[in-house]
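I opened the model today and kept short notes on what I looked up. The entries follow in the order I made them.

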Amino acid sequence: MRWLRRIIVGIFAIIGFLVVVLVAVGAYFGAKLVAPAHTVPDVAVLRLDLTRPLLAAGRRDSLAGLLQPEQLSLRQVEEALERAGGDARVKGLVLRLGAPLGFAASQELRDAVAAFRKRGKFALAFAESYGGPGLGSGDYYLAAGCEEIWLQPSGELGLAGIAVETPFLRGTLDKLGVVPRFDKREEYKTAVDELTDTAYSPPFRESMESILGSLYGQLVKGIADGRGMSVEAVKALIDRGPFLAADALKDKLVDRLGYRDEAEDAARRHAGAGAGFISLADYLRATERDTSGSRVIAVIDGDGPIVSGEGDFDSPFGVSQMGADTIVKAFGEAQRSDDVAAIVFRIDSPGGSSLASDTIWRAVSRAQAAGKPVIVAMGNVAASGGYYIAAPAAKIVAEPGTLTGSIGVFGGKFVVTDLLAKLGVSLDSVQFGANADMWSAGRDFTPQGWQHLEASLDAVYHDFTSKVVAGRHLDASRIPAIAKGRVFTGEQAKALGLVDALGGFPTALALARQAARIGAQETIRLRSYPRPERGLRLLLRYLDDQQARSAIGVGRIADRLAAQAPGLRPLLAELPALVTAEDADLLMPPLAIAY
């Protein structure tokens, strides 16, 4: 399998390298030549364009920040709205929706908009279409947190509930002559089922019904609260969806039909005479605060599949990998910094390598032991390996819609002997050692090899559950209820004791203040770790990073395929981690949920 993966990696590495060179060099020198100053109008309305995805990590002095200067991370959006809430010049916000954020991210951003509105500001949402003929639940949930919702007359409101359709590839593999030889711990670790089965197993279906039921309840309540409706009325409307624009207006799901310029004119009138627009990115740059001398809270962003070695923490194409070496370096720097009072570890990861997860777990544990309290803020997903690395933290924060848990592991290989025979390819080998070819894709496991795989799975599962029990101070007798590979929403995880508080980054920051004994009114300074690189040094690191180029290429192709076939998104989301994993490394990804 290693030789096959090397071919794939090599192809994508070349493609990724060429794309990064052409785009990054042009963007770098373009940004150097054009550096406009930004001023906030005396009567200002903020613009936030969410028709493109938010950046993965919170570092604007990254390559992604250079290539996409108007794009912000979720944390930066929250910071800008928090500043604007106390700025008398800012009267309101126009939120343009269009790109999928993920349900937990929508919840976190909605909380930030709610806090902004509580300061006497207005918020207006506009979209050409909320999901169109497909499902538009996530962005409409966010829009429902605004006081006024606009929809283009030719658009649609794709509010029809939440659904998951899982592709099972066993039949395809059988036709190709590929045998999936995997095992898992335990029955709810269902990611591997997509390769070994042809339909939902009872545990798989039970898991899906539990997760979707929780998310559906959160969706309904959020819309009901935002639109001033009863839960029963919202459920009835969802059962009638999706909606044409005129029907959405008639049923009071939107407030106005109009085009973007009309929505912005309405916002300008609402703000008052002389009102002008400024993008949230420009506002953030124009209102930088002097926080020198303040207490420091370190922020470490962990995004994407967990892999060994260096990570691509903020790729210019939205493909991130959480490299164990990168995260260990970040924790080491924060731990050694005398002025760092606490650490907020933001995790948005579906899991990945068990070895890399354990390496990061050690770094989190060491920081805790050194007196640097670690508070985890979970994003859309922090499951499997993503939960493993959160377990030793002092506190864990998740949004109600975060996908977490998935405490389990799977491993194995594909046997392609029959496929190669159909293609006229024969394999021959020379080996010394009875198990030297254990991970060869050209032959099945021997009884001794399978026994070794089973022993490895048992060891990793026992280690995983033991560390969760110790980190969360739980009774070991609760393992069957919290583990076995079950995926939970943040809402469910909170009830089980796997999560301490519901909320987003601001909630985690408040808990970090408490842990470090920093008063609520005391000024703090956030500092990203590892310390960011700048300029050409940053650019050259990306161009020289083979693993990053591979991930960019694989991830980019996966994103395009997922856009054409949304049902394949759960499998394609795992592709970067599978391509870069070592043969003998066991994996910890959960089932991904696509909205």
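**Confidence first**

The protein averages a pLDDT of 84, and 78% of the residues score at least 70.

I noted the ground rules. This is a predicted model, in which local features need pLDDT of at least 70 and side-chain atom pairs count only at pLDDT 80 or more, while totals for chains, interfaces and linings use all residues. Residues are numbered from 1 along each chain as its sequence is written, and side-chain values use heavy atoms, with hydrogens and water left out.

**Whole protein**

I counted 24 helices and 20 strands; these are DSSP runs numbered from the N terminus, helices being H or I of at least four residues and strands E of at least two. Of the 595 residues, 56% count as buried. Buried means under 20% relative accessible area, exposed over 50%, and partly exposed in between, with a 1.4 Å probe and protein chains only.

**Strand β9**

I looked at strand β9, residues 276-279: Gly276 and Ile278 point one way, Phe277 and Ser279 the other, and all are buried. In a regular strand the side chains alternate between the two faces of the sheet. Strand β1 (residues 44-50) runs parallel to β9 and is joined to it by 4 bridges; two strands pair if DSSP finds at least two bridges between them. Alanine 44 stands opposite glycine 276.

**Cores**

I looked up the largest nonpolar core and found 64 residues, with Leu46, Leu97 and Tyr130 among those with the most contacts inside it. Such a core is a set of buried Ala, Val, Leu, Ile, Met, Phe, Trp, Tyr and Cys residues joined through side-chain atoms within 4.5 Å. Helix α8 (residues 202-227) gives the largest share of this core, 9 residues. Apart from it lies another core of 53 residues, including Trp361 and Phe445.

**Glutamine 152**

Is glutamine 152 buried or exposed? I noted it as buried because its relative accessible area is 16%. Glutamine 152 sits in the loop between β4 (148-151) and β5 (156-157). Leaving aside neighbours within four places in sequence, its contacts include Phe126, Glu128 and Tyr259.

Definitions and conventions:
Contact = heavy atoms within 4.5 Å. pLDDT = per-residue confidence, 0-100.
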